[in-house]
Amino acid sequence: MNDKAHDEAMAEVFSNDPAYAAELLNSILADGDQAELLIALRQMAKAFGGVRGVAKEAGLNQNQLYRMLSVEGNPEFRSLSSVLRVMGLRLAVQPIEKTVKTGGPRS
């Protein structure tokens with residue numbers, strides 16, 4: 001299977017199951033892999049009207065969105081938030097669960 005076919009298949013999955021899309025993005029964010037995040041966002045853009053449609057709804061230039069989601073992309077918070085909003089998503093901050101060590105009080 002080539003990348004284009006995979007991207008189209010993932011776009012279909014994201015269109016049919018937005019909750020899965022959110023879970024996937026949260027998983028990627030937890031791992032901290034920016035390249036993987038950008039790949040998923042490119043695939044999701046296909047599901048939400050393509051780059052042109054997402055850029056228009058997000059108030060971004062189409063070329064700006066292509067650059068933002070490229071392999072070397074480094075999206076600004078504002079741009080990323082706008083794109084996610086088009087997809088019905090938003091960034092959120094959650095505490096990291098800490099494991100409690102046994103053997104004494106925490107200092």
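**Contacts, helices and a pocket**

Author: Leaving aside neighbours within four places in sequence, Ser-79 is in contact with Leu-60, Gln-64 and Met-68. Please keep in mind that this is a predicted model.

Reader: Which helix does Ser-79 lie in, and is Ser-79 buried or exposed?
Author: Ser-79 lies in α6. The cut-off for buried is under 20% relative accessible area. The relative accessibility of Ser-79 is 6%, so Ser-79 counts as buried.

Reader: How many helices and strands does the protein have?
Author: Read along the sequence, the pattern is α-α-α-α-α-α. The count is therefore six helices and zero strands.

Reader: What percentage of the residues in the protein is buried?
Author: The protein has 107 residues. The buried residues among them make up 33%.

Reader: Among contacts between residues at least 6 apart in sequence, what percentage joins residues at least 24 apart?
Author: Contact here means heavy atoms within 4.5 Å. Of the contacts between residues at least 6 apart, those that join residues at least 24 apart make up 51%.

Reader: What span should α2 have, and what is the distance between its end C-alpha atoms?
Author: The expected span is 1.5 Å times one less than the number of residues. For the 14 residues of α2 this gives 20 Å, and the end C-alpha atoms agree with it, being apart by 20 Å.

Reader: Where on α2 do its buried residues fall?
Author: The buried residues of α2 are Ala-21, Leu-24, Leu-25 and Ile-28. Seen down the helix axis, they fall within an arc of 95°, so they line one face of the helix.

Reader: Which exposed residues does the face of α2 turned away from the buried side carry?
Author: Exposed means over 50% relative accessible area. The exposed residues on that face are Glu-23, Asn-26 and Ala-30.

Reader: Which residue just after α2 takes a positive phi?
Author: The phi in question is about 75°. The residue is Gly-32.

Reader: What is the volume of the largest pocket, and which residues are the closest to its centre?
Author: The largest pocket has a volume of about 430 Å³. It is lined by 16 residues, and the closest to its centre are Leu-25, Asn-26, Leu-29, Ala-92 and Gln-94.

Reader: Which helix gives the most to the lining of the largest pocket?
Author: The lining divides into 13 nonpolar residues, two polar and one charged. At least two lining residues come from each of α2 (18-31), α3 (34-47) and α6 (77-86). The helix that gives the most, with five residues, is α2.

Technical notes
Residues are numbered from 1 along each chain as its sequence is written. This is a predicted model: local features need pLDDT of at least 70, side-chain atom pairs count only at pLDDT 80 or more; totals for chains, interfaces and linings use all residues. Side-chain values use heavy atoms; hydrogens and water are left out. On a 1 Å grid over the protein atoms alone, a cavity is a set of points where a 1.4 Å probe fits but cannot get out, and a pocket is an open set with protein on both sides within 12 Å along at least five of seven lines; lining residues have an atom within 4 Å of a point. Grid points are joined across faces, edges and corners, and a volume is the space filled by probe spheres set on the points. Helices (H or I, at least four residues) and strands (E, at least two) are DSSP runs, numbered from the N terminus. Ala, Val, Leu, Ile, Met, Phe, Trp, Tyr, Cys and Pro count as nonpolar, Asp, Glu, Lys and Arg as charged, and the others, Gly among them, as polar. Buried means under 20% relative accessible area, exposed over 50%, partly exposed in between (1.4 Å probe, protein chains only). The arc is that of the directions from the helix axis to the C-beta atoms.
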